[in-house]
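Subject: Structure for your review

Dear colleague,

Please find the structure below, followed by a summary of what was found in it. I would be grateful if you could look through both.

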Amino acid sequence: MSGQVSEAALAVLFQCVQMLVVLALAPLLTGVVRGIKARLQGRRGPPVLQPYRALLRLTRKEAVVAENASWLFRATPYIVFTMLWLAAGLVPTFTTALALAPVADLIALVALLTTARFFTGLAAMDIGTAFGGLGASREAMISALAEPAMLAVIFTLAILLQTTSLAAIVDGTLGQGVGLRVSLALGLISLIMVAIAEAGRIPVDNPATHLELTMVHEAMVLEYSGRHLALMEAAGMLRLLLFMALILCVFVPWGIAQPGDGPTAWAIGLGSFLGKLLAAAVALALFETTVAKMRVFRVGEFLGGALLLGLLAAIFLFVSTAL
Amino acid sequence: MGEIGYDMAHLLGASVLLMSFALLYQRRLTALISAFATQSVFLAAAAAWQGFFQDNPHLYVTAVIALLFKALIIPLALLRIIERLGIHRTVQQAMGVGPTMAIGVSLVTLALLLVLPLTAEASALTREGLALALSVVLLGLLMMITRRNAIGQVIGFMSLENGLILAAIGVRGMPLVVEMLVAFAVMVAFIIFGIFFFQIRERFDSLDIHYLESFRGEGRRE
């Protein structure tokens, strides 16, 4: 009985640590990616801790809100930030013994992300400027294509591992091992393409630009200032961390501690997560410096490709189970 | 063959198939050629892996041929041709990328539905290998249909041949002579294509093959 209680207490503790870890690491990850990109492009770049300073400075500034803004505009930053923080907290990073593990469903994750995106789009249109509407319509186009692709990957995983729960996926992969599956490889590529689109990285959206022709996410948060902007920026950083952690935990889960493991396993889990995250940041920076931003109208083809790969993964899964 | 051997063979075959989709997706000629080179590298890796696991040394020869000719010499020659002809670097397509990819996935499904019932007695590896190879062949054909540019059609033809070699290496006991003949036929075809490019270019100032249609009596008036 007491063992169960302490297990539950540990799970709650891990959940809190997990929430704090993702929150603390998200700006650092953005800073590291920016730093590596700057190095690759032959610039010195800002210090890696710059995103923390930017967020702190923004929180100290006055939040200016347009006269015709409704409550929706003011509430959106808080909603978006909460949704993304919660979603990032659901993805197992260093241990699967999390209090929220039973609800950490891939479909719930998609729902949380979609809610956040929905409110961002609404708020962008609420203010009534042309840029907001433009960004919202582009974002709607991207998400309408990215979501089916992501769901196709999720269904493939669900058929392969008989579950959509993230903790169970990690435990299943670590426990019996599913081997090198063709479906998993196709799903990985598809999920990476979706992640690039959803996190607003370079071939789809440029996070560093304020150029009318190219921006998607930036156009929607253009009217925000002060602490509202800080929350939106932090949410964007959390989104990048979330997608990286999701890909890492589903496809390279080695090192993640499981329920019943001791403190060494937790330390290994945390260390391996940091290492994997750094590797992912380097890979992202390399990728972003080698490709060029694509035209907005080509995003449909890009994400259509992701959807087809997801479907192909499901088809091959059926073939290999039929053998 | 162990579990990991099966998985690796399967994964390398799927990488070749994936590069076929990458070929369908490309819009620039140079990117198209490098995607084809990558496909050939995967093909060579698949051949070497099969040679290692089937204990069949002649598959290493196939791997070396694929690596040398299809991943190095042919792409470099194609790049030189593009440079010498100074043609437009984008691929003209008869159909949009989206519909092409959708047809591609249907073709893969078709290949699977066709191969799996036909090879009920064969081992699982052979069946999947054949299904993957047939998909690559069909995608190569699709590529030849949907490209108007002669270079795009040649690449489609070459990737079709990659599919044939993939089928040959997956089946136990396929003699080397067959693969050599296929590779040789492709080399000859490539040389003929090279001459063909220069001829079309000289006559029409373009590699767009729809100019040829007037000679078949079905040309559009322009």
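In this predicted model, A:Glu147 and A:Arg117 form a salt bridge with an N to O distance of 3.3 Å, a salt bridge being a side-chain nitrogen of Lys or Arg within 4 Å of a carboxyl oxygen of Asp or Glu. A:Glu147 belongs to helix 5 (residues 130–161) of chain A and A:Arg117 to helix 4 (residues 106–126) of chain A, 30 residues apart; helices are DSSP runs of H or I with at least four residues, numbered from the N terminus. Both A:Glu147 and A:Arg117 are buried, that is, under 20% relative accessible area, where exposed is over 50% and partly exposed lies in between (1.4 Å probe, protein chains only).

In chain B, the salt bridge of B:Lys70 with B:Glu161 has its closest N and O atoms 2.1 Å apart. B:Lys70 sits in helix 3 (residues 58–85) and B:Glu161 in helix 6 (residues 150–170) of chain B, 91 residues apart. These two residues, B:Lys70 and B:Glu161, are buried. Shared partners also join A:Arg117, A:Glu139, A:Glu147 and A:Glu198 into one network of salt bridges.

Over all chains there are eight salt bridges. One of them pairs A:Glu288 with A:Lys37 (3.1 Å, N to O). Because A:Glu288 lies in helix 10 (residues 263–290) and A:Lys37 in helix 1 (residues 2–40) of chain A, this pair ties together parts that are 251 residues apart in sequence.

Regarding the interface, chain B and chain A bury about 1900 Å² between them, with 79% of it on carbon and sulfur atoms; buried area is the accessible area (1.4 Å probe) that two parts lose on being put together, summed over both. B:Leu11, B:Leu18 and B:Tyr25 supply 26% of the area that chain B buries against chain A, more than any other three residues. The contact (heavy atoms within 4.5 Å) takes 24 residues from chain B and 20 residues from chain A. One salt bridge crosses this interface, between A:Glu301 and B:Arg27, whose closest N and O atoms are 2.5 Å apart.

As to conventions, residues are numbered from 1 along each chain as its sequence is written, and chains are lettered from A and ligands numbered from 1 in the order in which they are written. Local features need pLDDT of at least 70, side-chain atom pairs count only at pLDDT 80 or more, and totals for chains, interfaces and linings use all residues, while side-chain values use heavy atoms, with hydrogens and water left out.

With kind regards

Key
Helices (H or I, at least four residues) and strands (E, at least two) are DSSP runs, numbered from the N terminus.
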